[in-house]
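Got the viewer open and a selection box ready? Let's walk through this one stop by stop.

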Amino acid sequence: MTVQIAHLFALGCVAIVFFQIALIVGLPLGEYTQGGQHKGALPPSGRVIAAISIPILLFCGLSILSAAGFPGLDWPRWTGWVGLGVMIISAILNWITPSAKERAVWGPIMLVMAGFAAHVMIATLGQN
């Protein structure tokens, strides 16, 4: 079950990467991200922030897959804890954002993502 949860977590990270790409190319989703400061498309500075999020999300997904024992990934265990930390911080930030739309969409999603990451890290304690 832990491997499947790690796969769901990684799939969630990939889905969020596609959301970031949508922001970068200018889709009018500004109210759903970065505090909802921008209606419509993000300005260039917001798009840069979205671009920076992509490697962070990929790191998180791969670190949790590695912790679950995904073949070919043999990352140090601490990377999974960092990935979990990033998800917890993201969940908190998405719950306290001034944007009601961001809270409604990303708060629950990031809480579930943090839960998936926590499950993998706790279930695999002592394995690496």
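A word to settle before clicking: contact here means heavy atoms within 4.5 Å. This is a predicted model, where local features need pLDDT of at least 70, side-chain atom pairs count only at pLDDT 80 or more, and totals for chains, interfaces and linings use all residues. Residues are numbered from 1 along each chain as its sequence is written, and side-chain values use heavy atoms, with hydrogens and water left out.

**Stop one: Thr2.** Select Thr2, which sits in helix 1. Helices (H or I, at least four residues) and strands (E, at least two) are DSSP runs, numbered from the N terminus. Setting aside residues up to four places away in sequence, Thr2 touches Ala68, His119, Val120, Ala123 and Thr124. Show the side chains of Thr2 and His119: a polar contact of 3.3 Å joins them. (That term covers a pair of N or O atoms within 3.5 Å; within protein, one must be able to donate a hydrogen and the other to accept it, and residues adjacent in sequence count only if both atoms are side-chain atoms.)

**Stop two: the whole fold.** Zoom out and colour by secondary structure: you get 4 helices and 0 strands, in the order α-α-α-α along the sequence. The C-alpha atoms fill a box of roughly 45 × 25 × 20 Å along the principal axes.

**Stop three: the core.** Which residues touch the most other members of the largest nonpolar core? Pick Phe9, Ile64, Met87, Met110, Met113 and Val120, out of 29 residues in that core. Helix 1, helix 2 (44-67), helix 3 (77-96) and helix 4 each supply at least two of its residues, and the largest share, 9 residues, comes from helix 1. A nonpolar core is a set of buried Ala, Val, Leu, Ile, Met, Phe, Trp, Tyr and Cys residues joined through side-chain atoms within 4.5 Å; buried means under 20% relative accessible area, exposed over 50%, partly exposed in between (1.4 Å probe, protein chains only). Now centre on Met113: leaving out neighbours within four places in sequence, Met113 contacts Phe9, Gly12, Cys13, Ile16 and Met87.

**Last stop: two rings.** Rings of Phe, Tyr and Trp (its six-membered ring) pair if their centres lie within 6.5 Å; planes under 30 degrees apart count as stacked, over 60 as edge-to-face and the rest as tilted. That rule gives 2 aromatic pairs. Select Phe19 and Trp106, a tilted pair at 4.9 Å centre to centre with 55 degrees between the planes. Phe19 lies in helix 1 (residues 2-24) and Trp106 in helix 4 (residues 100-123), so the pair ties together parts 87 residues apart in sequence. Phe19 is buried at 14% relative accessibility, and Trp106 is buried at 12%.
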